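Hello,

Here is the structure I promised to pass on. Please have a look, then read my notes below.

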Amino acid sequence: MSKLQEFLNANPVKGLTAEVPVSDRFVDEKGNVLKFRIGVMSNPQFEAYRKQSMRIELEGRKRKVDLDLDKLNKMIIINHTIDPNFKDAASIQAVGCQTPDEYVDAVLLPGEINQLALEIQRLSGFKPMDELV
C-alpha cells in the first residue's frame with residue numbers, strides 16, 4: 001500500500017469542522033473575534049447545490065445556462081454552518097423573517113455571505129489556483 005493510500009485511509013473527510021473568522025464586525029463585548037463553526041460538504045451535496053442553482057434559459061434554439069451564485073452561496077452557508085444555526089426557527093422569527101434565506105440576508109452583509117461560503121468551500125477542498133501554485 002502506498003503512503004498516499006495509507007494517508008487517505010487514516011484521514012477520511014466525513015465530519016471535518018473548523019472555526020473561522022468571517023468579519024471584524026463579529027466581536028464580543030471584550031473585543032474578541034467571534035468565529036463561525038463550519039462543516040465540510042460532500043461531493044454529492046455540492047453537486048446537488050450546483051444543480052439547484054442553475055438557471056436554463058431557452059433563446060430560440062440556443063440554451064443559456066447561468067449559475068446563480070447567490071443561491072449557491074446561501075445553500076452552502078445554511079447547510080454547512082454549524083454555529084450559528086441559520087435554520088433555527090426562533091432566530092428566523094426573532095428577526096422577522098420567514099425562511100433561512102431571508103435570515104441570512106437579514107444578518108449578514110454581502111461580503112460576509114461571500115466570505116463564509118468561501119471558508120466552507122476551502123474546508124471542502126476548494127482552493128484558489130494561486131494558493132495551489
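In what order do the three strands of the open sheet run? The order is β1-β2-β5, and the pairing is antiparallel. Please keep in mind that this is a predicted model. β1 (17-20) and β5 (81-83) are the edge strands. Each has a single partner strand, so one side of each lacks a neighbour in the sheet. On average, neighbouring strands are turned by 35 degrees against each other, direction ignored.

β1 pairs with β2 (residues 36-39) over four bridges, in the antiparallel sense. Opposite V20 you will find F36 of β2.

Two helices belong with this sheet. Helix α3 (residues 69-80) packs on it and touches β2 and β5. The direction of α3 makes about 40 degrees with that of β5. Helix α6 (residues 110-123) lies across β1, β2 and β5. Helix α6 runs at about 45 degrees to β2.

Now the pockets. The largest pocket has a volume of about 180 Å³. Its lining includes F26, F36, D83, P84 and Y103. By type, the lining residues are eight nonpolar and two charged, with no polar ones.

The second largest pocket holds about 160 Å³ of space. Among its lining residues are V13, V40, N43, F46, E47 and F126. Helix α2 (residues 43-52) gives the largest share of that lining, three residues.

Best wishes

Methods:
Residues are numbered from 1 along each chain as its sequence is written. This is a predicted model: local features need pLDDT of at least 70, side-chain atom pairs count only at pLDDT 80 or more; totals for chains, interfaces and linings use all residues. Side-chain values use heavy atoms; hydrogens and water are left out. On a 1 Å grid over the protein atoms alone, a cavity is a set of points where a 1.4 Å probe fits but cannot get out, and a pocket is an open set with protein on both sides within 12 Å along at least five of seven lines; lining residues have an atom within 4 Å of a point. Grid points are joined across faces, edges and corners, and a volume is the space filled by probe spheres set on the points. Ala, Val, Leu, Ile, Met, Phe, Trp, Tyr, Cys and Pro count as nonpolar, Asp, Glu, Lys and Arg as charged, and the others, Gly among them, as polar. Two strands pair if DSSP finds at least two bridges between them. Axes are lines fitted to C-alpha atoms, for helices over the stretch in contact, and angles run from 0 to 180 degrees between N-to-C directions. Contact means heavy atoms within 4.5 Å.
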